[in-house]
Amino acid sequence: MARTPVSFRLNGTEVAAFADGGANLLDLLRRGIGDLSPKYGCGQGTCGTCTVLVDGEPRLACLTLAEAVGGQDVETAAGLANGPELHPLQRAFMDHFAAQCGYCTPGMLMAAKALLEQTPNPDRDQVVEAISGNLCRCTGYEPIIEAIMIAADSMRKGVRQ
């Protein structure tokens, strides 16, 4: 099988790796680069666990060809924190019990980040719509929605919780 070189920016850092022909971005991130934050869930694009941002847009890494992200910006949950300082979304998820097992959390965080970059003052329905492609089997959605709304408020005020 032919291997293709792929170069892109991962969480602001230039990376280069070889991807097997037809390999998906999730496999390249986890096995080729070592970013384990996007999780493997269904492998069919139905659970949202592998959600990453490609040029600011939410994408399912299990359905995105690795070679398709060449030259683009890819963001994962591993890039949210600034050193020891958590991103407001991470802080709100932690402080407001929006994660139980944590498996869906990276995908939820990335879907929420995309929403808040486009819509800094979302209403509840916009939050629900933004995370509608992400399944949570433990926490339920109310703590997640509440945490996203709190993070949005914090980000608008420029406050790190």
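Trainee: Quick one to start: does T105 count as buried or exposed?

Mentor: T105 counts as buried, at 11% relative accessibility. Keep in mind that this is a predicted model.

Trainee: Okay, and where is T105 found?

Mentor: T105 is found in helix α3, which covers residues 105–118.

Trainee: Which residues is T105 in contact with, leaving aside its neighbours within four places in sequence?

Mentor: T105 is in contact with F93 and A99. F93 is one of the buried residues of helix α2.

Trainee: Tell me about α2 then. Which of its residues are buried?

Mentor: Helix α2 takes in residues 88–95, and its buried residues are P88, L89, Q90, A92 and F93.

Trainee: What covers those buried residues of α2?

Mentor: The cover includes α3 and α5.

Trainee: Which residues meet where α2 and α3 touch?

Mentor: From α2 you have L89, Q90 and F93. On the α3 side they meet T105, M108, L109, A112, K113 and L116.

Trainee: At what angle do the axes of α2 and α3 cross?

Mentor: They cross at roughly 130°, and the axes come within 10 Å. That angle makes α2 oblique to α3.

Trainee: And is the crossing left-handed or right-handed?

Mentor: It's right-handed where α2 passes α3.

Trainee: Is F97 buried or exposed?

Mentor: F97 is exposed, with a relative accessible area of 65%. P143 touches F97, along with H96 and A98, if you don't count residues up to four places away in sequence.

Trainee: How many residues apart along the chain are P143 and F97?

Mentor: They are 46 residues apart along the chain, yet their C-alpha atoms are separated by 6.3 Å. P143 is found in helix α5, residues 142–157, and counts as partly exposed at 22% relative accessibility.

Trainee: Switching topic. What order do the strands of the sheet come in?

Mentor: The order is β2-β1-β5-β3-β4, five strands forming an open sheet with mixed pairing. The edge strands are β2 (13–20) and β4, and each of them pairs on one side only. Direction ignored, neighbouring strands of this sheet are turned by 45° against each other on average.

Trainee: Which helices go with the sheet?

Mentor: Helix α1 (residues 25–33) packs on it and touches β1 (3–10), β2, β3 and β5. The direction of α1 makes about 85° with that of β1. Helix α3 lies across β3, β4 and β5, running at about 35° to β3.

Trainee: How do β3 and β4 pair?

Mentor: β3 (residues 51–54) and β4 (residues 57–60) pair in the antiparallel sense over four bridges. V52 stands opposite R59 in β4.

Trainee: And how many bridges join β3 to β5?

Mentor: Two bridges, and those strands run antiparallel as well; β5 is residues 73–75. Here L53 stands opposite E75 in β5.

Trainee: How many residues lie between the strands in the hairpin of β3 and β4?

Mentor: There are two residues between them. D55, found in that loop, has a positive phi of about 50° although it is not a glycine. D55 is partly exposed, with a relative accessible area of 44%.

Trainee: Last topic: how many disulfides are there?

Mentor: The count comes to zero.

Trainee: Are C50 and C104 buried or exposed?

Mentor: C50 is buried, with a relative accessible area of 2%. C104 counts as buried too, at 9% relative accessibility.

Methods. Residues numbered from 1 in each chain as written. Predicted model: local features only at pLDDT ≥ 70, side-chain atom pairs only at ≥ 80, totals over all residues. Heavy atoms only, no water. Disulfide = S-S within 2.5 Å. Buried < 20%, exposed > 50% of the residue type's maximum accessible area, 1.4 Å probe, protein only. Pairing = 2+ DSSP bridges. Axes fitted to C-alpha atoms, helices over the stretch in contact; angles between N-to-C directions. Contact = heavy atoms within 4.5 Å. Parallel < 35°, antiparallel > 145°, perpendicular 65-115°, else oblique. Left-handed = near helix turned anticlockwise from the far one by under 90°.
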